[in-house]
Amino acid sequence: MADITDNVTIPDFNSLLQMDPYLKPYEQDFKRRYGLFEKGLFLLEEAEGGFDQFTRSYRTFGVNRQPDNSLLFQEWAPAAEALFLTGDFNGWDNFSHPYKRKEFGKWELCLPPKRDKSPAVEHKTKLKVVVHTKAGERLYRISPWAKYVTQAEKQVTYDWVHWDPPQPYLHIHPRPKKPASLRIYESHVGIASPDPKIASYTEFRLNILPRIKDLGYNCIQLMAIMEHAYYASFGYQVTSFFAASSRYGTPEELKLMIDTAHSLNIVVLLDVVHSHASKNTEDGLNRFDGSDSCFFHSPPRGEHTLWDSRLFNYSSWEVQRFLLSNLRWWMEEYRFDGFRFDGVTSMLYHHHGIGSGFSGDYSEYFGLQVDEDSLVYLMTANHILHTLYPDCITIAEDVSGMPALCKKVSEGGLGFDYRLAMAVPDKWIQILKELSDEAWDMGNIIYTLTNRRYGEKCIAYAESHDQSLVGDKSLAFWLMDKEMYTNMSSLVSMTPIIDRGIQLHKMIRLITHALGGEGYLNFMGNEFGHPEWLDFPRKGNNESYHYARRQYNLVDTEHLRYQQLYKFDRDMNCIEDKYGWLAAPPAFVSTKHEEDKVIVFERANVVFLFNFHPTRSQKDYRVAVGSPGKYTIKLDSDEKQYGGHGRLDHNTEFFTEPQPFNQRENSMLVYIPCRTALILGNDDTESCY
């Protein structure tokens with residue numbers, strides 16, 4: 001009997017094997033995945049006329065105004081007995097406007113325009129779908145395709161609000177080109193204010209976008225945009241997939257915010273949650289048609305025990321329509337430039353990563369534990385996005401290390417552009433929690449920062465929102481803790497704790513930026529050493545907003561040292577923009593000296609030097625370099641403007657000698673003060689200060 005993979009050809013599979021010959025024993029797995037992907041595309045072509053139309057299904061599902069101002073309503077509710085539309089437009093009559101049953105579980109209703117030719121449902125009026133189940137229940141539901149939902153004061157559930165503005169926002173600015181070096185500012189609109197409140201799209205546009213531009217970040221990753229009924233879920237329990245969260249403002253205000261970012265040459269990514277959905281029924285997808293399946297697998301497969309949420313049935317035609325159209329909607333309607341896919345590890349495996357350590361053995365990534373339905377969904381999503389939008393950026397949040405995650409679909413990969421280097425922030429937290437400065441292991445730091453799959457791009461970060469959540473705290477707070485409340489004034493001498501914290505904060509971020517990946521991410525506020533942690537209003541903290549805000553006022557107060565950390569972060573990005581080390585091949589590490597606590601490496605034709613020793617400065621320290629010539633200081637963490645001690649003369653020129661050292665043809669003698677990071681270059685590029 002012929003194997004189902006016999007007739008499958010992965011066009012560029014040899015490229016993958018050349019990069020990693022150890023994947024050869026799993027060729028049949030790759031072929032089976034690619035065969036399922038190809039079959040899916042073929043069926044789309046056959047049944048829907050191709051993915052272009054299929055992924056625009058938001059134009060036919062939910063509610064859509066037709067050229068004659070009639071309104072077409074369509075839903076998919078395969079288990080329902082009957083569907084009705086009710087709302088402000090008909091005085092909340094539950095029976096006057098029935099949907100017609102169509103084939104494949106679809107329901108349709110057309111509302112002709114009013115006598116004055118205006119639509120029967122007015123802009124900003126409320127609607128509900130009334131679902132009659134086979135068991136005789138009457139359920140009130142929000143359309144899964146709802147484009148705007150709001151929560152009235154003191155009301156628990158959200159309302160579906162018809163959004164059809166007479167003058168919709170029209171984008172003015174073109175999308176920026178995809179950056180070669182991706183420098184990401186991870187952001188949450190709601191906390192983008194020092195005030196204890198929910199900030200708005202408008203406040204973010206006016207107050208935060210200029211800071212992001214000044215800091216040199218060229219990409220914003222927006223969290224918690226897809227509507228989520230529970231604010232404290234950080235946006236990860238999505239209830240309305242097509243609705244931009246109304247707690248920050250209107251859809252048009254978000255469009256203006258993104259358009260303004262584009263005018264600043266900043267791309268904007270959406271943190272998209274297709275890995276699971278909220279269990280909410282009245283204002284979520286759960287039990288939309290009265291059944292325990294519909295968009296999801298029936299329990300137990302359709303439930304995530306750890307997240308207490310529902311899991312999609314990615315093999316379902318209508319679920320694929322819903323999710324792929326969702327991606328297209330955010331790209332087309334709001335003009336996002338790509339996505340950070342949340343919870344990819346949970347999607348890839350039937351065990352969802354729960355209780356799996358992932359040793360790196362290849363057998364962990366193939367076989368029955370892999371959920372090939374969701375894996376093929378991700379291949380399809382990446383293929384469609386990159387075909388329709390060549391500059392689209394997709395990032396996978398995967399902790400497992402799945403091989404070929406960031407290789408092209410044509411090579412047998414999943415098609416992501418980047419994966420998050422999730423081991424890096426964990427390593428920094430572990431070091432700060434468990435080790436004295438004298439016990440820092442230079443080799444282990446380098447291993448963690450460089451241990452990534454060759455040819456698959458990573459986003460490095462010292463900390464993200466995860467490390468700031470309640471129960472943990474920001475790197476700055478790990479380093480300086482309660483002294484940040486009293487000793488951050490630059491008008492007085494630094495205490496030993498503040499001195500150590502400020503120097504290591506800069507060094508940790510620079511070595512992560514320079515060595516850890518092909519992109520860099522910072523969570524808003526952490527660039528200037530934001531104190532404390534993140535905690536959203538909830539019953540356990542008396543609904544307090546005290547920790548659900550970012551205190552940008554700290555960096556605006558001139559006598560506080562937060563400004564020094566801000567300047568260093570800005571100049572670090574500026575230097576990267578000049579040299580482009582994130583877009584360069586991986587670094588060559590020439591020195592990792594445990595006793596001296598020194599690390600030296602070259603990347604993008606510049607030399608990076610780190611002296612992590614708490615007390616010992618290194619005079620006339622021999623450093624290996626590939627390119628001969630005269631080197632000058634391009635960035636110095638010890639500068640006084642960065643909260644350093646100013647121990648280096650920036651007029652100093654370092655000349656190489658043809659003396660081989662540490663596997664390089666040339667070397668030079670340099671002075672590296674203790675707890676200092678330096679970038680040296682042998683060109684005429686000016687420093688950023």
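Predicted model: local features only at pLDDT ≥ 70, side-chain atom pairs only at ≥ 80, totals over all residues.
Two strands count as paired if DSSP finds at least two bridges between them.

**View 1. An open sheet of six strands.** The strand order is β22-β23-β24-β29-β26-β27. Pairing is antiparallel. β22 (588–593) and β27 (654–655) form the edges. Each of these edge strands pairs on one side only.

**View 2. Strand β24 against strand β29.** β24 covers residues 606–611, and β29 covers residues 676–681. The two strands run antiparallel and are joined by six bridges.

View 3. Helix α13 (residues 496–515) lies across β22, β23 (598–603), β24, β26 (630–636) and β29. Relative to β23, helix α13 runs at about 35°.

**View 4. Asp441 in its loop.** Asp441 sits in the loop between α9 (423–434) and α10 (442–450). Its side chain reaches the backbone nitrogen of Asn444 at 3.0 Å. The relative accessible area of Asp441 is 37%, so this residue is partly exposed: the class lies between buried, under 20%, and exposed, over 50%.

**View 5. Asp441 and Lys592.** These two residues are 151 residues apart along the chain. Their C-alpha atoms are separated by 9.2 Å.

Note on methods: Residues numbered from 1 in each chain as written. Heavy atoms only, no water. Helix = DSSP H or I, 4+ residues; strand = E, 2+ residues; numbered from the N terminus. Contact = heavy atoms within 4.5 Å. Axes fitted to C-alpha atoms, helices over the stretch in contact; angles between N-to-C directions. Buried < 20%, exposed > 50% of the residue type's maximum accessible area, 1.4 Å probe, protein only. Polar contact = N/O pair within 3.5 Å; in protein donor to acceptor, adjacent residues only side chain to side chain.
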